[in-house]
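The following report describes a protein chain together with an RNA strand, beginning with the surface that faces the RNA and moving on to the chain and its helix packing.

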Amino acid sequence: MRQSKLFTKTTKDAPKEEEAKNAQLLIRAGFINKEMAGVYSYLPLGLKVVRKIENIIRKEMNETLEASEIFMPALHPLENYEKTGRENIDVLFRTKLATGRSLVLGQSHEEVVVPLIKNHLFSYRDLPIYVYQIQNKFRNELRAKSGILRGREFSMKDLYSFHSDEGDLEEYYEKSKKAYKNIFKEVGIGEETFITFADGGTFSKYSHEFQTVTGAGEDIIYICESCRLAVNDEIIDESPKCPECGTKKEDLRKEKSIEVGNIFKLKRRFSDPFDLRYTDENGHEKPVHMGCYGIGVGRLMGAVLEVNSDENGMIWPESIAPFKFHLIAIGEKAEKKAAEIYDKMEEDILYDDRNVGVGEKFADADLIGMPYRVVISEKTMENDSVEIRKRWSKEEKLVKIDKLQSHV
RNA sequence: CGGGGCAUGGUGUAACGGCUAACAUGCUCGCUUUGGGAGCGAGUGAUUCUCGGUUCGAAUCCGAGUGCCCCGACCA
């Protein structure tokens with residue numbers, strides 16, 4: 001993309017109303033726009049990151065977990081929540097149809113997906129079923145905070161699995177952990193992210209969270225380094241040790257962290273209220289066992305930033321960077337050559353063709369944080385080369401122009 | 001929801017109860033400049049969050065409201 005065609009602007013100063021690093025950087029770089037507390041627009045560069053994260057998630061959902069993507073509504077009838085007893089949870093946004101019928105804005109989709117699946121699930125031959133979506137959730141948080149880490153409207157991937165028995169659910173649940181690990185590794189926070197034993201909320205006694213260590217987090221976890229597992233502070237008193245190797249609480253590493261994913265064995269918590277059953281091989285009706293598996297997409301983007309940035313700006317992992325290269329030309333001759341390079345590799349390059357000082361271009365390249373900054377000047381052209389600088393290590397080297405694409 | 005803080009051009013800040021609300025940045029025009037937010041000049045841009053009160057006079061003091069941030073509680 002030619003940067004001159006990008007309508008968003010960068011700024012030197014962060015708005016004073018944002019304190020969270022992720023929000024300051026994303027707003028300064030023009031990736032997002034704040035509409036109100038906890039509600040943000042995603043602008044071209046920010047949306048590119050979101051789309052890349054989504055596609056990484058989709059790949060794991062489709063391939064590893066064999067799930068089918070669907071898209072459910074944000075408007076839900078309140079009656080469904082009365083069936084499950086969740087009509088009074090305090091994060092529910094309520095609204096009404098013109099006819100007076102009570103609705104809620106979806107904060108999760110169990111109340112929609114179960115009746116939906118009921119129309120398609122009759123026999124043991126239909127099981128298992130795995131469906132997921134990437135959709136906006138609405139939660140009337142008393143306090144939105146930390147930029148895009150806790151919003152009132154936010155994008156989330158939610159997967160629901162339907163099983164003939166607990167054993168099958170168990171197996172799939174374990175498989176989901178692997179898929180989740182792959183996702184967090186692929187977006188660049190694998191090292192900082194730990195499977196964490198946590199409270200099950202209204203769903204079940206326990207659940208597993210995926211917690212990414214960062215000072216910006218709102219949870220506290222106790223990490224067992226050797227097992228790469230953690231225990232959430234909320235249940236550490238109940239089980240004050242590593243669930244795997246038994247290392248005691250005192251020897252676990254205590255850290256602040258942000259929950260980027262969460263998986264639950266719902267079992268019959270939602271299938272029973274809707275009478276979701278199937279007929280088994282012997283003609284008997286049996287209950288359906290469910291699991292649900294969430295990942296906050298916007299939050300994940302924020303978490304990546306909290307982990308990867310420096311005083312000059314953002315540092316995007318190649319897997320989710322809006323572009324791989326940020327191309328800057330110095331001098332008229334170099335501009336011509338840069339345009340040629342850009343034409344061949346449009347998809348991978350953000351080309352700064354703006355008529356501004358080179359200092360500003362460098363500063364913006366640091367702020368926007370593409371993994372590789374490519375500079376072409378008369379000096380580098382003497383060797384038919386460009387200078388490549390890695391955003392994260394600041395390491396620089398000259399590379400032949402025709403080797404640029406294959407080089408890194 | 002409890003506690004604390006903040007609210008002034010687009011953005012970041014300044015201004016004793018008293019003159020036309022200042023500075024930086026941004027933006028526009030002209031000239032110059034091109035390896036780290038460059039320079040000179042000329043412009044542009046504000047109902048000082050809202051409502052009410054005190055006062056001869058309010059950005060400034062008082063009250064209420066709203067918005068935003070932080071701590072806590074809450075968090076499918």
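This is a predicted model: local features need pLDDT of at least 70, side-chain atom pairs count only at pLDDT 80 or more; totals for chains, interfaces and linings use all residues.

## The surface near the RNA

RNA strand B is surrounded by 46 residues, of which the closest are E17, A37, G201, G359 and F362. At least two residues of this surface come from each of strand 13 (253–267), helix 8 (358–368), strand 21 (372–377) and helix 9 (378–381). Sorted by class, the residues near RNA strand B comprise 16 nonpolar, 15 polar and 15 charged ones.

## The chain as a whole

Chain A contains 10 helices and 23 strands, and its C-alpha atoms occupy a box of roughly 80 × 60 × 45 Å when this is taken along the principal axes. Of the 408 residues in chain A, 40% count as buried. Among the contacts in chain A with a separation of 6 or more, 67% are accounted for by residues 24 or more positions apart.

A pair of packed helices is described by the angle between the two axes and by the distance between them.

| Helix pair | Angle between axes | Distance between axes |
|---|---|---|
| Helix 1 (residues 21–28) and helix 6 (residues 297–307) | about 100° | 9 Å |
| Helix 2 (residues 44–64) and helix 6 | roughly 110° | within 10 Å |

Angles of 65 to 115 degrees count as roughly perpendicular, and helix 1 and helix 6 are therefore roughly perpendicular to each other. In this contact, K21, N22 and L25 of helix 1 meet G302, L305 and E306 of helix 6, and the residues of the contact of helix 1 with helix 6 divide into two nonpolar, two polar and two charged.

Helix 2 and helix 6 are likewise roughly perpendicular to each other. Here V49, V50, I53 and E54 of helix 2 make the contact with V297, G298, L300 and M301 of helix 6. By class, the residues of the contact of helix 2 with helix 6 are six nonpolar, one polar and one charged.

Technical notes
Residues are numbered from 1 along each chain as its sequence is written. Chains are lettered from A and ligands numbered from 1 in the order in which they are written. Axes are lines fitted to C-alpha atoms, for helices over the stretch in contact, and angles run from 0 to 180 degrees between N-to-C directions. Helices (H or I, at least four residues) and strands (E, at least two) are DSSP runs, numbered from the N terminus. Angles under 35 degrees count as roughly parallel, over 145 as roughly antiparallel, 65 to 115 as roughly perpendicular and the rest as oblique. Two residues are in contact if their C-beta atoms, placed from the backbone, lie within 7 Å. Ala, Val, Leu, Ile, Met, Phe, Trp, Tyr, Cys and Pro count as nonpolar, Asp, Glu, Lys and Arg as charged, and the others, Gly among them, as polar. A residue is near a molecule or strand if its C-beta atom, placed from the backbone, lies within 6 Å of it. A residue is buried if 20 or more other C-beta atoms lie within 10 Å of its own, exposed if 12 or fewer, and partly exposed in between; C-beta atoms are placed from the backbone.
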